[in-house]
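Good morning, and thank you for coming. Please take a moment with the structure, and I shall then go through some of its features in turn.

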Amino acid sequence: MKDGFRQSMAWLHSWSGLLLGWLLFAVFLTGTIAYFRQEVTVWMQPELHGSIPDAGTAERAVERMSQLAPDAAQWTIALPGERSPAVSVSWRPADAKPNDRAALKRATLDAGTGAVLEPRETAGGNFLYRFHFELYGMPREIARWIVGIATMAMLVAIVSGIITHRRIFKDLFTFRPEKAALRSWMDGHVAAAVLALPFHLMITYSGLLLFMTMLMPWAVDLAYDGNRQAYFAESGFRRAPPPPRPAPQAAPLTPVAPLLAEADRRWADRGGVGSLTVTNPGRANATIELRPAESDSIGRGAATERLLFDGVTGRAQEVPAADPQPAAMATGNYLMGLHLARFAGPGMRWLFFVSGVAGTVMVGSGLIFWVVKRRSQRGRADTWGNGPEPFGHRLADRLNIGVVAGLPLAVAAYFWANRLLPAGLGERAGWEIEVFFLAWAAALLHAPLRPSRRGWAEQLWAGAALFALLPVLNLATAPGHLGNSLPAGNWLLAGFDLTALAVGLLLGFAARKVGRNAFAGKTVPAPVLPAGAVVEEPT
Amino acid sequence: MILSSLCVAYAGLLALALAMDRHHEQVFARRPSARTSRLLGWAGWLGLTLSLPPTVTAWGWAIGIPAWLGLLTVAAAALVLLLPHAPRAALRLGPAALLCAPFPALLG
């Protein structure tokens with residue numbers, strides 16, 4: 001009975017993992033990069049690389065705003081920080097409705113001079129971020145449903161995988177790359193899964209929570225009589241009451257330097273001031289609101305703390321306290337906040353990134369294991385499927401090539417397109433995305449045309465070359481290359497180049513192993529297993 | 001603080017691994033006695049426990065616990081990759097990490 005249960009869990013694990021595995025691999029890979037989406041966007045806008053913040057940046061930005069938008073109802077100024085070298089400003093024209101985000105005007109300012117910069121049009125890291133939960137080119141609602149179902153399958157695969165594995169602690173540190181392919185792929189898959197298991201559970205469950213009101217709207221519909229807007233309003237998803245109307249009398253804005261100095265002192269351990277919001281600038285009832293660069297709360301972003309000043313006298317004003325969150329909502333917000341990691345400083349962000357890589361490896365190695373296991377079951381160790389192979393196994397293997405090796409290649413192609421397409425090209429952002437999908441489609445078409453091992457090696461080499469040469473491309477096309485970014489201690493740009501180089505080397509390492517047939521391991525004849533059997537190992 | 005925690009976590013995980021026959025053999029080419037194994041096990045759990053406080057003092061419980069789990073993942077990944085390829089290096093890294101742990105300022 002017990003073995004029957006475990007076998008059915010093993011069956012569930014391999015099929016829930018396989019059928020949505022290719023989509024999940026894409027979600028994990030692009031979602032992992034999305035932890036650095038701001039950094040990716042900065043890299044993809046070389047026009048910002050010369051912007052160097054100094055002590056006068058905030059004042060300069062405020063001054064520039066009074067020229068750019070003297071009559072606006074509100075200015076929002078996001079100051080440069082560890083994740084962005086330039087100043088991002090937006091303003092709401094006097095005649096726009098308070099909650100109409102589309103009416104906002106935006107600009108990017110040079111932090112050193114205050115000049116308006118014209119960065120090239122790109123979706124940047126945002127494309128990868130959006131793709132990881134909304135895919136592309138299909139109605140948003142449908143795409144979210146597809147990703148939501150895949151996320152549910154992920155949760156099923158994790159839980160059934162834990163039950164199937166059963167010797168989690170005993171095999172915790174086990175990785176035997178020198179053993180036969182079946183064994184070492186199993187070890188790799190299990191290690192990537194178990195070592196980052198808390199992350200995998202958190203990211204999958206909180207991913208479902210983020211889709212909660214879409215996947216399971218019934219509780220809200222019942223309690224609010226079908227009026228979801230009322231629920232969102234009451235639960236604080238849309239806070240920000242409309243700002244007061246501008247006073248008729250004009251009055252000059254108070255100098256911001258003393259306010260910033262006070263806030264920077266107060267938030268010394270929070271990265272200082274992150275953003276300013278000036279409401280009714282140049283009017284008698286102007287206010288200036290400051291927020292810290294880093295949040296110390298996971299669940300509510302930086303909303304918990306802000307400083308409010310009278311915009312004319314510069315006197316501090318009382319900030320209305322945030323409403324306490326009910327326990328259930330606080331729990332949900334905490335988990336969703338962990339998923340988004342907006343609170344994370346650089347160290348935490350790297351931990352999330354590494355865990356995300358482990359998740360990507362887990363899904364990828366699981367997909368590969370599915371094929372390797374079936375090949376070994378066919379009687380002899382035919383790692384590369386050179387003999388006759390059932391159509392289903394062949395299909396899964398070629399999809400594995402086109403996704404596991406092909407998607408990194410497509411991501412690299414996206415970065416190349418960013419630099420090689422002319423900066424002034426119309427619909428530029430769309431063309432970059434077009435190149436991404438063309439490269440991916442090429443990989444998916446290339447895979448079935450080649451023998452398995454050649455297909456793997458060729459696509460891995462292509463991805464390795466594209467990634468490893470990104471720093472060279474940066475050197476040729478932008479000022480923020482390693483020769484400048486490293487001496488200047490600019491880790492934002494150097495981090496991208498060095499990570500790309502590392503990814504390139506890793507892909508090259510994998511490609512070399514495939515080329516030398518190292519993944520086949522020792523030619524130990526594999527035992528013939530009945531279909532769906534739980535793989536046991538001699539201790 | 002973060003790197004202190006990472007160092008102690010690595011040393012703890014290494015002790016836990018050495019408490020197991022398979023990994024003890026990988027490093028020392030022999031099995032541990034029951035007593036050694038038990039002592040290493042206790043040392044390992046102690047290391048894991050001691051690696052938690054630095055993250056919690058640095059970040060509070062809400063962020064400290066996820067950060068700690070993330071650090072354990074990184075430390076364990078390093079160990080799992082080192083053990084089959086360079087078992088002696090995996091061993092030597094343990095005391096080195098413990099020596100560095102009290103000096104987070106040196107580690108950056």
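Val87(A) has Leu109(A) of β3(A) as its bridge partner. The model in which we see this pairing is a predicted one. The strands concerned, β2(A) and β3(A), pair in the antiparallel sense, and 5 bridges join them.

Moving along from β3(A), we come to β4(A): these two strands are also antiparallel, with 2 bridges between them. Here Thr108(A) stands opposite Leu117(A) of β4(A). The hairpin formed by β3(A) and β4(A) has 6 residues between its strands, and in this hairpin Gly114(A) adopts a positive phi near 80 degrees.

In what order do the strands of the open sheet in chain A run? There are 8 strands, in the order β4-β3-β2-β1-β5-β6-β7-β8, and their pairing is antiparallel. At the edges stand β4, residues 116–117, and β8, residues 316–317, of chain A, each of which pairs on one side only.

Ser275(A), for instance, has Arg291(A) in β6(A) as its bridge partner. A helix packs on the sheet as well: this is α4 of chain A, residues 57–68, which touches β1, β2, β3 and β5 of that chain. The direction of this helix makes about 35 degrees with that of β2(A).

I turn now to the helices of chain A. How do helix α8, residues 197–210, and helix α14, residues 346–377, of chain A pack? Their angle is about 85 degrees, and their axes lie 10 Å apart. Since angles from 65 to 115 degrees count as roughly perpendicular, α8(A) and α14(A) are therefore roughly perpendicular to each other. On the side of α8(A), the contact is made by Phe199(A), His200(A) and Ile203(A), and on the side of α14(A) by Ser355(A), Gly359(A) and Met362(A). Sorted by class, this contact has 3 nonpolar and 3 polar residues, and no charged ones.

Helix α8 of chain A also contains Leu210(A). Is Leu210(A) buried, exposed or partly exposed? A residue needs 20 or more other C-beta atoms within 10 Å to count as buried, and 12 or fewer to count as exposed. Leu210(A) has 18 such atoms, so it is partly exposed. Leaving aside residues up to four places away in sequence, Leu210(A) touches Met336(A) and His339(A).

Two residues of chain A deserve a word on their backbone angles. Arg166(A), which is not a glycine, has a positive phi near 60 degrees. Its place is the loop between α6, residues 140–165, and α7, residues 181–195, of chain A. Arg166(A) counts as exposed because it has 12 C-beta neighbours inside 10 Å. Ala341(A) likewise has a positive phi, of about 55 degrees, without being a glycine. This residue lies in the loop between α13, residues 327–340, and α14 of chain A. With 18 C-beta neighbours inside 10 Å, Ala341(A) is therefore partly exposed.

Next, the annotations. An unreviewed UniProt entry gives the feature "transmembrane region" for several stretches of chain A, including residues 185–212 and 460–479. In the model, residues 185–212 of chain A are 93% helix and 0% strand, and the end C-alpha atoms are 35 Å apart. For residues 460–479 of chain A, the figures are 85% helix and 0% strand, with 29 Å between the end C-alpha atoms.

Chain B has such an annotation too: in an unreviewed entry, UniProt lists "transmembrane region" at residues 58–83. This span of chain B is 100% helix and 0% strand, and its end C-alpha atoms lie 31 Å apart.

Finally, I come to the meeting of the chains. How many residues of chain B are in contact with chain A? There are 19, and they contact 22 residues of chain A. The elements of chain B that contribute two or more residues to this side are α1, residues 2–18, α2, residues 21–28, and α4, residues 52–85. The largest share, 15 residues, belongs to α4(B). By class, the side of chain B that touches chain A comprises 15 nonpolar, 3 polar and 1 charged residues.

Methods: Residues are numbered from 1 along each chain as its sequence is written. Chains are lettered from A and ligands numbered from 1 in the order in which they are written. This is a predicted model: local features need pLDDT of at least 70, side-chain atom pairs count only at pLDDT 80 or more; totals for chains, interfaces and linings use all residues. Two residues are in contact if their C-beta atoms, placed from the backbone, lie within 7 Å. Helices (H or I, at least four residues) and strands (E, at least two) are DSSP runs, numbered from the N terminus. Ala, Val, Leu, Ile, Met, Phe, Trp, Tyr, Cys and Pro count as nonpolar, Asp, Glu, Lys and Arg as charged, and the others, Gly among them, as polar. Two strands pair if DSSP finds at least two bridges between them. Axes are lines fitted to C-alpha atoms, for helices over the stretch in contact, and angles run from 0 to 180 degrees between N-to-C directions. UniProt positions are given in the numbering used here, feature names are shortened, and annotations may be inferred rather than shown by experiment. Angles under 35 degrees count as roughly parallel, over 145 as roughly antiparallel, 65 to 115 as roughly perpendicular and the rest as oblique.
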